[in-house]
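Here are a few friendly notes to read with the structure open beside you. Take the points one by one and find each residue as you go.

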Amino acid sequence: MRAESCADHKVGPGVLPHHEQRILADARNSWSSMRTRNPAVYILVSKRNGTLYIGVTSDLIGRVASHRQDLIPGFTSRYCVHALVHVEEFATMVEAIAREKQLKKWPRARKIKLIEATNKEWHDLWPELSGET
């Protein structure tokens, strides 16, 4: 039996439905400010309905890039959690940390509803955020 690799769990890019294109267009406007290191909470997944990881950072692009490249050994590299599916930006790190703690306490079903409220198809937001589209 073949061991699964991270490639087996990719959340692939695709053509977004019109309503999600609008959501991403709005997000793109705020993502330009995220490139200037604003505090953010993010959710990474291994695949749709797969393993979830919630994190907080003041450098979203750098942090997600580190996860995607498995530069830091740990949970995200062990469980192939690389697809960015949700981002929330905050004015202060104190607010971002409070939100991260709040989300981590939520039941899994509620976290999934949060993701699907803005990203119904679980598209990987990394290409838009990083400019790799």
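**Notes on charged pairs and a buried leucine**

1. Let's begin with E116, which is partly exposed because its relative accessible area is 29%, a value between the 20% limit for buried and the 50% limit for exposed. Please keep in mind that you are looking at a predicted model.

2. Now look for the partner of E116. The side chain of R48 makes a salt bridge with E116, and the closest N and O atoms are 3.7 Å apart.

3. A second pair to find is R68 with D124. Their salt bridge has its closest N and O atoms 2.8 Å apart. This pair also links distant parts of the chain: R68 is in helix α2 and D124 is in the loop between α5 and α6 (126-130), 56 residues apart. R68, at 29% relative accessibility, counts as partly exposed.

4. Next, turn to helix α4 (residues 93-105). Here E100 and K104 meet through their side chains in a salt bridge, at 3.2 Å from N to O. The two are 4 residues apart in this helix, so about one helical turn separates E100 from K104. E100 is buried, with a relative accessible area of 12%, whereas K104 is partly exposed at 45%. Elsewhere, salt bridges with shared partners join R48, E116 and E121 into one network.

5. How many salt bridges does the count come to? The count is 5 salt bridges, and among them are R48 with E116, R68 with D124 and E100 with K104.

6. Finally, have a look at L60, which lies in helix α2 (residues 60-68). Why is L60 called buried? Its relative accessible area is 0%, so L60 falls under the 20% cut-off.

Conventions. Residues are numbered from 1 along each chain as its sequence is written. This is a predicted model: local features need pLDDT of at least 70, side-chain atom pairs count only at pLDDT 80 or more; totals for chains, interfaces and linings use all residues. Side-chain values use heavy atoms; hydrogens and water are left out. Buried means under 20% relative accessible area, exposed over 50%, partly exposed in between (1.4 Å probe, protein chains only). A salt bridge is a side-chain nitrogen of Lys or Arg within 4 Å of a carboxyl oxygen of Asp or Glu.
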